[in-house]
Amino acid sequence: MFIPAIEGQGTEEQKRKWLPMAYKMQIIGCYAQTELGHGSNVQGLETTATFDPETDEFVIHSPTLTSSKWWPGGLGKASTHAVVYARLRTNGQDYGVQAFIIQLRSLDDHSPLPGITVGDIGMKFGSGAYNSMDNGFLRFDHVRILRNQMLMRVSQVTREGKYVQSDVPRQLLYGTMVSVRQIIVSESSCALSRAVCIATRYSAVRRQFGSQNGGPETQVINYKTQQSRLFPLLASAYAFRFAGEWLKWLYTDVTKRLKANDFSTLPEVHACTAGLKSITTSATADAIEECRKLCGGHGYLSCSGLPELFAVYIPNCTFEGDNIVLLLQVARILMKTVAQLASGKKPVGTTAYLGRVEHLMQCHCEVRRAEDWLKPSVILEAFEVRAARMSVSCAQTLSGFSNPEDGFADISSDLVEAAVAHCQLIIVSKFIEKLQQEIPGKGVKTQLENLCNVYALSLLHKHLGDFLSTGCISPEQGALANEQLRLLYSLVRPNAVSLVDAFNHTDHYLGSVLGRFDGNVYQKLYDEAWKSPLNDTYVPDGYHEYIRPLLKQQIHTARL
């Protein structure tokens, strides 16, 4: 995030100075925003940057314990520099949070520079997992830096100490976050596909019950209870991949526009990256744990690859924006969009469906038979109606509060659900759009259509209360959707293993005995067991001291 921050917020002169050194690894940078006392509330950061006009310098200071920078990756041991976010103070006024490039360690011996206290925050969740990352803490004791070390594309401080706001939107300050979040969305598909690949392959190998006349037992993957838990996750892996591809295109497009000083699509990209980051990472974290359960007891073994994958992945739900906070940001945009409808302003981009709100508030689902749920237009309209009605309902409730912020806090849980509905609509719509493109390979499109329908109808089943309470569908239509979903599982089953093989994950990358491509699970599980250090000896340490006396009944108990 160090380089994208400079690229997005630095002037041309600053980029010419700092980026070549960063690209050549002559300096190692990190992104120091989060503090011990503030994470999501960026405007509440406490680190100060006070301008001294006599020396033409900023004085960077950590005034409280909670102002300590906390969590930046690469800070603990590796970084020599940081983009530090601090409150800009000049001429006695506070101008909010700004970014500054600050050297932390000597380029000669890597020791901390005067006034800087820096270190690693310690062990995190899991034994291995994310502990390879040196997340650090950082404190400043009146550290002086040159005025031109403030990133000044968005705002500047003159030699006299005057604060000058440029015509570049302040949202650009969050451009680095936007960049990282779109990458996180793409990586969610990658992590989810790994877990699903392991669970699907093992479900095909594992057999339990159902033996007829001494024949083989039933493959676990053939049980409907296994399919109803596994196949929606498989469909999600594909759905998140296509959403990630679209989001990458959207981010690339806005990057080109920003270079041409066109900031019109920046709010749209911010909302999409925030919402989809939240939805995909939460779903993926839950899905990895579900895949572990789908593998039974063996899924709990370290060699299954799933415990480590879970421990490594779950920080995604918190870093670069807490998932609930991000959904509330999306909800604010939705409420603003609904409020502007009365003035005749037409929504664009992913909120364009709200421009048809009158129709969506009155229309009725036309499903009569289960197979009607296979029509993309039917699915899309059901998700649009749900999202629109939930947003309008929240907006109507908010209008009854004299103070909008009080209202926002009071119905925040409803607003989160409305944001979820909106983001799920985006993912479903992008999956459907993908199917409208030319897809090479015989039969491939049919399989993707099945997965798209599984994804959409499994969401409908999971959030059936939303669809029913908003009047999107009737209970009978909900039952027909579940009927069609069961039929879709039977269509996915013959190609389930091929659909996870298509991710093209090597055995080395999966790191799982259960997810091996050759299916030789049981022999490899046995081999892995012998690798345990406990099996280096037959008689354990402490046998003579503890176990043998117990067996020989030589332990004397107290008489009480």
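This is a predicted model: local features need pLDDT of at least 70, side-chain atom pairs count only at pLDDT 80 or more; totals for chains, interfaces and linings use all residues.
Strand 9 covers residues 143–146, and its side chains alternate. Strand 9 pairs with strand 3, which covers residues 57–61. The pairing is antiparallel and has four bridges. Within it, phenylalanine 58 stands opposite isoleucine 145 of strand 9.

The next topic is a helix pair. Two packed helices are described by the angle between their axes and the distance between the axes. Helix 5 (residues 266–294) packs against helix 7 (residues 323–341) at an angle of about 140°, and the axes are 9 Å apart. Helix 5 is therefore oblique to helix 7. The crossing of these two helices is left-handed. On the helix 5 side, the residues in contact include Pro267, His270, Ala271 and Lys277; on the helix 7 side they include Asn323, Leu326, Val330 and Ile333. The residues of this contact divide into eight nonpolar, seven polar and one charged.

The last topic is the backbone angle phi. Most residues other than glycine have a negative phi. Histidine 110 is not a glycine, yet its phi is positive, near 70°. Histidine 110 lies in the loop between strand 6 (93–103) and strand 7 (116–120). Its relative accessible area is 33%, so histidine 110 is partly exposed. Asparagine 504 also has a positive phi, of about 65°, although it is not a glycine. Asparagine 504 is in the loop between helix 15 (496–501) and helix 16 (507–510). Asparagine 504 counts as exposed because its relative accessibility is 65%, and the cut-off for exposed is over 50%.

Note on methods
Residues are numbered from 1 along each chain as its sequence is written. Side-chain values use heavy atoms; hydrogens and water are left out. Buried means under 20% relative accessible area, exposed over 50%, partly exposed in between (1.4 Å probe, protein chains only). Two strands pair if DSSP finds at least two bridges between them. Axes are lines fitted to C-alpha atoms, for helices over the stretch in contact, and angles run from 0 to 180 degrees between N-to-C directions. Angles under 35 degrees count as roughly parallel, over 145 as roughly antiparallel, 65 to 115 as roughly perpendicular and the rest as oblique. A crossing is left-handed if the near helix is turned anticlockwise from the far one by less than a right angle, and right-handed if clockwise. Contact means heavy atoms within 4.5 Å. Ala, Val, Leu, Ile, Met, Phe, Trp, Tyr, Cys and Pro count as nonpolar, Asp, Glu, Lys and Arg as charged, and the others, Gly among them, as polar.
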